[in-house]
Amino acid sequence: MKNAIPQRYAIPHRYSTRPGLYFTEDGGADAVVRSETADQVWLCVYEPVDQPTAFFNDAIRIFEDSPGTLLSQMHDHPVCTRIIESMYVRETLFRMEGPNYGLWYVHLPKAWDGMRYAYRVDGAWDPKKGLRFNPYKLLLDPYGKGIDGHMQLDPAAFSYQCEISEDGKVKGSAFGEMSTVDALGKMPVSVAIDDRDVTKHDGDPVHPHVPWSKTVLYELHVKGFTKNAPWLPEELRGTYAGLAHPITLAYLQGLGVTSIELLPIQAKQDELFLQERGRHNYWGYSTLSYFSPEPSYATAAARAKGARGVREEVINMVNALHEAGFEVIMDVVYNHTCEGGVEGPTTCWRGLDAISYYRRQKNNIGRLEDTTGCGNTFDFTNTHVVTFAVDSLRYWAKRIGIDGFRFDLAASLARLDGEFTKHHPFLYALRSDLLLGNLKLIMEPWDLGPQGWRTGGFGMPFSEWNDRFRDTTRRFWLTDTQPSAQGSIGMQEMATRLCGSADLFATDPGRGCVASINYVACHDGFTLTDLTRYVNKHNEANGENNMDGSNTNHSVNFGVEGPTDEPTIARNRERAAMNMLGTLMLSLGTPMMLAGDEFANSQNGNNNAYAQDNDITWLNWDWLYQTKKTPEMRRLETVSRLIAIRKSLDLYHHEEFFTRLTQLGLFKPSSRVQWYLPDGTTPMERDWFDTSVRTFTMRLLSANEMDILIVINGTDQDRHFRLPSDCDWRCEWSSSVVCGVMPGHGLLTRKLNPLEYPDDNWTNAVHDADPISELVDMVQASLAAQSKLDRPRTPRTTNLGADPHVTMVGANHDAGRPGAAGIPGNAQGNGILNIAGAVENDDDADAIHTTDDTMRDMWTIPALSISVMRREQ
């Protein structure tokens with residue numbers, strides 16, 4: 001047959017069930033791509049003009065002045081090539097065989113690592129029926145493992161005829177005529193990576209495999225976490241390599257978290273409306289390639305090596321985190337793609353097979369169903385979409401080493417005919433996969449579709465973000481504490497959240513409390529500190545007239561909107577933050593912190609900073625290298641101590657609920673938890689449902705270790721509590737330390753004297769001979785030049801022999817006070833006394849002690865505080 005594909009380019013022996021580009025033993029590669037409704041598909045390979053082409057013998061040269069259009073010549077010749085002099089590139093096009101069960105194939109007799117390629121697809125152009133095939137557009141390989149280039153805001157990026165106005169807006173109808181502007185040079189292309197070497201991971205460290213019951217999640221952005229990190233050389237800031245740096249890892253170890261949850265690191269592309277405004281998607285929830293890592297987070301040196309160099313840096317980052325004992329959880333976005341609605345650009349899926357990939361409105365198939373708020377929704381009723389997602393996840397787990405995934409807007413992934421079901425094929429595919437089913441799988445259990453709130457609805461083995469925990473904690477410690485507030489959260493609701501939210505997650509036999517991902521703040525919304533500084537969102541910098549972002553934040557400002565130096569307000573804010581963090585770490589379930597909350601990071605009231613790739617979202621580390629303990633350092637030490645307390649208690653190291661539901665839907669009492677009112681009596685039924693009851697004690701019973709009490713005083717007055725009389729108690733931790741007091745044994749709280757605690761920061765204890773000394777000098781000199789250093793550093797004449805990396809977190813250099821690790825002194829003008837390591841001292845003169853049996857069990861608990869009491873041996 002005249003136009004048949006030459007035998008050397010056919011694959012008669014192999015019809016793969018998986019798309020992708022597979023290197024073969026003959027030095028070539030098999031290319032497989034899915035398009036069930038296309039008329040013809042071409043694989044396009046790009047080579048520099050000044051190098052010999054690998055396909056010279058078979059390719060027919062096409063000239064710009066050749067008779068007929070490019071499209072007609074593509075159809076005429078099985079293999080053709082053309083030179084685009086303006087871009088100094090050669091494009092060779094291979095007509096593919098197919099469709100065979102929806103797949104198209106071609107075998108390249110020669111292929112190489114780093115080969116740049118893309119697809120062109122021809123077919124019907126009928127936008128009203130959802131058909132938008134356009135062979136003039138370059139399409140990424142959905143399974144491509146590397147990516148090169150980026151989209152330019154140009155008519156070439158769109159499958160329909162349009163133009164770009166002077167103000168950067170796209171003008172044209174998505175239902176108009178097909179564009180004939182060639183996209184080459186205006187769009188990214190895929191890059192082949194040869195990863196056939198099965199021994200390459202033999203020397204990798206073993207995955208930490210942290211049990212769910214011991215997991216403490218820490219959500220961070222790769223770039224934002226290290227972009228301003230002063231301990232990193234400039235070339236490592238904001239990069240994968242920066243996150244893998246030894247000092248970065250030491251900081252995370254000092255904090256005490258176990259599992260690092262990364263905001264999306266799959267290759268991204270800015271949404272159209274952001275490009276039109278010259279802005280960028282910082283968070284990365286706009287995926288361009290599900291197999292390729294985001295290149296912009298790699299170092300310049302890695303990017304210079306191409307896609308393989310970028311991937312190697314990601315793998316090295318994961319390996320370094322594993323070696324340091326951390327799991328790596330990756331945030332993934334399979335609910336929608338960067339192509340947006342039908343007016344958006346054509347980068348991949350729209351041009352390959354829009355009918356199969358995207359959900360469509362039932363009454364208007366030319367329009368896309370949108371339950372994500374991003375213009376499109378992947379159709380997970382299509383088996384091949386499910387397969388595509390599973391293949392991508394397996395790749396990241398097996399080849400990159402990822403330990404788990406958090407699924408953005410996961411309710412959209414589990415809709416059949418528009419309705420959510422936990423029996424969705426995609427969920428079964430995840431749980432039944434031998435690799436994925438044994439990883440940590442976390443769902444964001446909502447979307448924008450009908451009945452989109454599904455917290456608790458995913459079943460085993462999935463864990464889910466618990467927004468009820470978030471809102472309950474915020475309301476109890478923030479909005480309900482305000483003078484004019486009508487209390488809405490009482491003992492019943494707080495007890496349910498402290499005990500693992502059995503009302504939401506006790507859905508399947510064996511499903512435990514760890515299914516509840518407890519959090520107070522995450523990337524989406526106010527930071528923990530901004531919850532205590534702002535009543536209203538302040539998103540003006542987003543350029544959307546402050547209309548974006550949630551209006552329901554359950555936040556307060558304690559009298560002043562924004563930062564203030566007023567001491568009383570500062571203390572009240574810090575105490576509220578400690579109350580929320582204390583509730584988080586002392587609740588059954590899996591706690592998750594937002595990076596920066598441990599040192600009072602603020603986004604200036606912006607609760608939707610998705611497009612702020614600047615100092616609003618980049619963490620500020622200036623406080624770490626001051627000569628005196630800053631409020632940020634004191635917060636860090638307090639949080640680190642709190643995490644250590646949780647990790648030391650086996651009472652939290654299990655997956656069972658303290659209180660569970662019976663088959664009749666009734667609560668079954670637990671033998672592991674007891675409840676008391678301040679007078680020492682057991683709450684009556686009326687107390688549980690009285691929202692004005694805001695003081696209570698939760699006792700956790702243990703057969704193998706000391707019992708503990710969680711004592712909550714949610715009122716604005718100090719309260720007397722009669723603690724269980726069968727043993728003596730000591731205070732392990734209390735949020736009230738920020739106000740200079742601790743629970744007192746007797747009728748008074750225990751006041752803390754800040755003069756007893758030195759305020760020198762760890763930098764003053766670094767000896768000149770320590771390896772980190774040069775770094776400290778450099779950073780402090782930089783801070784001094786910017787007038788950001790608190791005071792000239794005192795001479796360093798003592799070498800305590802401490803690990804200079806570890807000393808940055810909670811280091812204690814007061815050798816005269818054993819056990820007082822990380823105890824700070826007075827705040828610098830803000831009135832906060834945050835004594836992170838303070839413990840109960842029965843010799844304190846401010847406490848009243850008595851041998852009278854009626855007073856023996858009396859403790860005074862400071863106002864608006866949460867405290868941990870441990871049973872004395």
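Predicted model: local features only at pLDDT ≥ 70, side-chain atom pairs only at ≥ 80, totals over all residues.

## Helix 18

Helix 18 comprises residues 773–785, and its 13 residues reach 18 Å from the first C-alpha to the last, which is close to the 18 Å expected at 1.5 Å a residue. Its buried residues are Ser773, Leu775, Val776, Val779, Gln780 and Leu783, and because they cover an arc of only 155 degrees around the axis, they lie on the same side of helix 18.

The buried residues of helix 18 pack against helix 4 (246–255), whereas the face turned away from the buried side carries the exposed residues Glu774 and Ala785. Helix 18 is followed by Ser787, which has a positive phi, near 60 degrees.

## Strand 34

Strand 34 spans residues 708–713, and since 6 of its 6 residues are buried, the strand is largely enclosed by the rest of the structure. Side chains in a regular strand alternate between the two faces of the sheet. In strand 34 both faces are covered, with Ile708, Ile710 and Ile712 buried on one side and Leu709, Val711 and Asn713 buried on the other.

## Pairing of strand 34

Strand 34 pairs with strand 33 (residues 695–700) in the antiparallel sense over 6 bridges, and Leu709 in strand 34 is the bridge partner of Arg699. Strand 34 is also joined by 6 bridges to strand 41 (residues 865–871), again running antiparallel, and here Ser865 in strand 41 is the bridge partner of Asn713.

Note on methods: Residues numbered from 1 in each chain as written. Heavy atoms only, no water. Helix = DSSP H or I, 4+ residues; strand = E, 2+ residues; numbered from the N terminus. Expected span 1.5 Å × (residues − 1). Buried < 20%, exposed > 50% of the residue type's maximum accessible area, 1.4 Å probe, protein only. Arc of directions from axis to C-beta. Contact = heavy atoms within 4.5 Å. Pairing = 2+ DSSP bridges.
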